[in-house]
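The following exercises are to be worked with the sequence and the three-dimensional structure at hand. Each task is followed by a solution in steps.

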Amino acid sequence: MKKLMLGNEAVARGAYEAGVRVATAYPGTPSTEITESIAKYDEVYCEWSPNEKVALEVAIGSAIAGGRAICSMKHVGLNVAADPLFTVSYTGVNAGLVIMVADDPGMHSSQNEQDSRMYAKAAKVPMVEPADSRECKEYVKAAFEISEKFDTPVIFRLSTRISHSQSVVEIGEREDVPLKEYKKDPEKYVMMPAMARKRHVAVESRMAALAEFSNTTPLNRIEWGSTDIGVITSGIAYQYAREAFGDVSYLKLGMIYPLPDKLIKEFSEKVKVLYVIEELEPFFEEHIRKLGIKVIGKDLLPVTGEYSANLIREKVFGKQIGGKKIEGVQVPVRPPVMCPGCPHRGMFYVLNKLKLTVSGDIGCYTLGALPPTQAMDTCICMGASIGAAHGMEKARGREFRTKTVAILGDSTFVHSGITGLIDVVYNKGNSTVIILDNSITGMTGHQHNPTTGFTIKGEPTKQVDLVKLCNAVGIDRVKVVDPFNIKEFEKTVKEEIEADEPSVIISQRPCALLKHVKFEGPHRIVIEKCRKCKMCMRIGCPAIVDMGDHIEINDALCVGCGLCSKVCNFDAIEKAGE
Amino acid sequence: MKKCNIMIVGVGGQGTLLASRIIGNVALKQNYDVKVSEVHGMSQRGGSVVTYVKIGDKVYSPIIEKGEADIIMAFEMLEALRWAEYLKEDGKLLVNEQKINPMPVIIGKEKYPENIMQMLKENYKNVISLDALKIARECKNIKAVNTVLIGLLAKVLEIDKEVWIESIKEVVPSKAVDVNLKAFEEGYSRG
Ligand code: SF4
Ligand code: SF4
């Protein structure tokens with residue numbers, strides 16, 4: 001049966017068909033839907049892990065024990081999981097282990113643009129990369145075969161346009177892959193120096209064997225056309241190249257590390273001019289140059305951002321292409337904003353009012369860095385808010401600290417905020433940390449986490465008690481406040497930043513998009529009472545509109561959270577009648 | 001329908017993703033190669049969103065580039081203006097006359113351009129517009145804006161109506177199917 005599938009769904013299908021038993025992940029755009037889709041298959045044990053490192057460790061355990069496993073993350077997640085990655089390269093696997101990593105060229109939703117291929121090289125792990133949903137499914141199966149044949153983990157590289165494009169996939173059956181026998185083998189699985197030294201030698205000979213394999217695997221294929229031009233490319237860049245170059249010759253790489261040297265030489269000898277088209281780093285290009293082959297690549301094309309067929313046409317052929325543009329109009333940008341009814345809005349309103357320095361983190365609340373709130377000073381990586389606030393205090397002292405807070409979400413806190421908090425307590429810091437507990441992982445589209453009380457399959461489970469957890473690591477001052485109760489929230493923040501001991505404020509209110517969250521319905525502004533002071537506009541709600549002569553609430557957007565009515569000093573906002 | 005590039009543009013939360021799935025599904029039923037490309041993440045939250053649907057015998061890049069769209073379906077006027085240069089010379093621009101202020105306009109830093117519809121009609125040959133929000137409201141579900149627009153598109157593309165209806169039934173959650181089919185009919189009748 002043919003189906004239109006997201007790249008991520010196709011990866012999930014491939015894992016299912018390959019008989020995978022365990023799937024783990026921490027959500028991160030653009031990789032999230034892989035694990036969400038696998039969770040729909042009853043045959044696969046599936047979990048949201050607290051972070052990528054744990055996710056990979058669980059998957060490694062499964063593979064060593066004999067069950068095929070898949071672990072998914074976005075590119076920055078691989079940084080978190082880098083530690084176990086480098087060692088599982090040494091231990092090898094037993095049953096297959098495939099690690100999905102989704103890069104984000106163009107940074108549609110990420111804090112940097114790193115190229116994960118570098119990790120394959122650094123950790124000495126083979127890497128494959130598909131170019132559409134059909135290949136996503138097929139290559140996952142191939143990756144499991146490589147993993148077991150060469151006793152190695154395999155990294156599977158995706159990118160935003162592959163993960164989030166739907167194309168046609170032919171659905172197959174699930175293969176019955178029995179558990180592999182588990183044998184105790186400390187020489188292989190206990191990586192202490194004496195044993196690891198031997199394993200490093202094994203890794204090197206494995207890489208040599210893989211490099212040979214790369215020359216013959218059908219994952220690397222040549223598509224002959226005119227030999228005036230040859231293009232070496234992979235993944236989504238292959239699709240752009242096909243459109244821009246048309247009927248020329250292509251060496252389309254599916255196994256992108258180690259590279260197929262013989263094949264590359266053969267191909268390059270048969271074409272007149274050779275181009276390398278790859279997004280981000282000159283990973284292929286440098287390798288091919290080292291083989292003594294002349295190529296055109298990054299001298300014409302950028303190392304930043306996403307490619308497109310037009311970009312290639314422009315840079316390679318000097319063509320200017322485009323449609324008709326209306327001259328002379330300014331089209332305002334439309335940056336993302338926090339949803340109407342978002343629980344973070346009340347908190348930002350207060351932080352703004354108190355003019356605090358805010359050490360931020362990764363989540364929906366990162367949007368608070370944009371106008372109108374602009375209430376965030378730093379945002380580095382998952383969980384960095386607490387450590388950074390602690391560093392600020394140590395560098396600048398008490399006075400600065402009493403005007404500083406760290407903010408992060410519940411999921412982020414469990415991911416890697418907790419270790420920062422332990423550091424604050426242990427090293428006698430006094431930071432004020434606000435945990436934004438919206439009862440879900442919001443930004444990536446509503447995934448459960450250890451604080452929500454539900455698993456990925458929606459089954460009830462034990463819920464982390466944030467108050468007790470903070471107490472347990474040594475925080476004595478923990479306050480739970482509703483951020484929409486503005487007065488009390490403000491009072492609490494003022495008290496806690498003044499306190500000469502570390503403290504945690506749990507800002508607790510569920511995400512406005514959760515199904516069970518019900519508001520009282522659209523509000524309206526009573527024109528006669530309104531003094532046009534625009535106080536209500538400071539909360540940055542997209543539903544409140546300045547019409548020039550009056551202020552209005554857009555009923556198609558307003559959910560009726562009522563926050564605006566709490567900031568209006570003239571009682572001019574009320575629930576709209578029928 | 002032969003080879004066809006359709007762009008769907010709008011504001012995060014307006015249901016553009018669902019619309020793209022319905023269209024993609026229709027193309028698949030007609031046995032074409034299809035690619036649908038969407039961007040998730042931050043842009044879901046009230047930001048500018050764009051989805052590309054490319055239909056043909058063989059589709060490579062999932063992205064539609066400037067001057068390549070046969071049809072642009074705009075869920076909001078300002079977004080129509082933003083993306084109009086992606087239209088082919090004889091391409092069709094379908095516009096929902098809804099206005100959603102972006103944050104820079106809300107906070108008074110920028111102005112929402114006036115006379116957008118007039119500008120579009122002066123500069124592009126084929127502009128069809130309707131007030132899908134009003135129609136959806138009349139159907140008693142303001143969330144059905146997307147299926148009203150799908151109705152309009154169905155008429156413009158001249159593909160058998162039944163195929164669309166079937167596709168809507170498959171893609172839309174079952175309890176919302178009735179309202180959405182009604183909204184679809186309304187949109188279709190205005191094409
Ligand atoms: S998804 Fe939830 S937490 Fe995120 S911005 Fe919207 S309401 Fe706020
Ligand atoms: S805060 Fe109240 S009085 Fe001031 S502009 Fe808003 S509705 Fe009018």
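**Exercise 1. Aromatic contacts**

Solution. The model is a predicted one. Over all chains, the count of aromatic pairs comes to 12.

Next, classify the pair formed by the rings of Phe245(A) and Tyr275(A). The ring centres are 5.2 Å apart and the planes stand at 50°, so the pair is tilted. Phe245(A) belongs to helix α11 (residues 235-245) of chain A, whereas Tyr275(A) belongs to strand β13 (residues 273-277) of chain A; the pair thus links distant parts of the chain, 30 residues apart. The final step concerns accessibility. Buried means under 20% relative accessible area. Phe245(A), at 8% relative accessibility, counts as buried, and Tyr275(A) is buried with a relative accessible area of 11%.

**Exercise 2. The surroundings of strand β4**

Determine how strand β4 (residues 69-74) of chain A is covered and with which strands β4(A) pairs.

Solution. Begin with burial: six of the six residues of β4(A) are buried. In a regular strand, side chains alternate between the two faces of the sheet.

Then consider the pairing. Strand β2 (residues 22-25) of chain A pairs with β4(A) in the parallel sense over four bridges; Ser72(A) in β4(A) is the bridge partner of Ala25(A). Strand β5 (residues 97-103) of chain A also pairs with β4(A) in the parallel sense, over six bridges. Here Lys74(A) stands opposite Ala102(A) in β5(A).

**Exercise 3. Salt bridges and burial**

Are Glu129(A) and Arg157(A) buried or exposed, and which parts of chain A does the pair tie together?

Solution. The side chains of Glu129(A) and Arg157(A) meet in a salt bridge at 3.2 Å, N to O. Glu129(A) lies in the loop between β6 (127-128) and α7 (133-149) of chain A, and Arg157(A) in strand β7 (residues 154-159) of chain A, so the pair ties together parts 28 residues apart in sequence. With 3% relative accessibility, Glu129(A) counts as buried; with 4%, Arg157(A) counts as buried.

Compare a second salt bridge, between the side chains of Lys137(A) and Glu138(A), at 3.7 Å, N to O. Lys137(A) is buried, with a relative accessible area of 3%, while Glu138(A) is partly exposed, at 35%.

In chain B, Arg190(B) forms a salt bridge with Glu186(B), the closest N and O atoms being 2.6 Å apart. Arg190(B) counts as partly exposed at 37% relative accessibility, and Glu186(B) as partly exposed at 26%. Turning to networks, salt bridges that share partners join Asp103(A), Asp115(A), Arg117(A), Glu129(A), Arg157(A) and Glu278(A) into one network.

**Exercise 4. The shell of ligand 2**

How many nonpolar, polar and charged residues does the shell around ligand 2 have?

Solution. First identify the residues that surround ligand 2: among them are Cys530(A), Cys533(A), Cys536(A) and Cys568(A), together with Arg531(A), Lys532(A) and Lys534(A). Then sort the shell by class, which gives nine nonpolar, no polar and three charged residues.

Conventions:
Residues are numbered from 1 along each chain as its sequence is written. Chains are lettered from A and ligands numbered from 1 in the order in which they are written. This is a predicted model: local features need pLDDT of at least 70, side-chain atom pairs count only at pLDDT 80 or more; totals for chains, interfaces and linings use all residues. Side-chain values use heavy atoms; hydrogens and water are left out. Buried means under 20% relative accessible area, exposed over 50%, partly exposed in between (1.4 Å probe, protein chains only). Helices (H or I, at least four residues) and strands (E, at least two) are DSSP runs, numbered from the N terminus. Two strands pair if DSSP finds at least two bridges between them. A residue is near a molecule or strand if one of its heavy atoms lies within 4 Å of it. Ala, Val, Leu, Ile, Met, Phe, Trp, Tyr, Cys and Pro count as nonpolar, Asp, Glu, Lys and Arg as charged, and the others, Gly among them, as polar. A salt bridge is a side-chain nitrogen of Lys or Arg within 4 Å of a carboxyl oxygen of Asp or Glu. Rings of Phe, Tyr and Trp (its six-membered ring) pair if their centres lie within 6.5 Å; planes under 30 degrees apart count as stacked, over 60 as edge-to-face and the rest as tilted.
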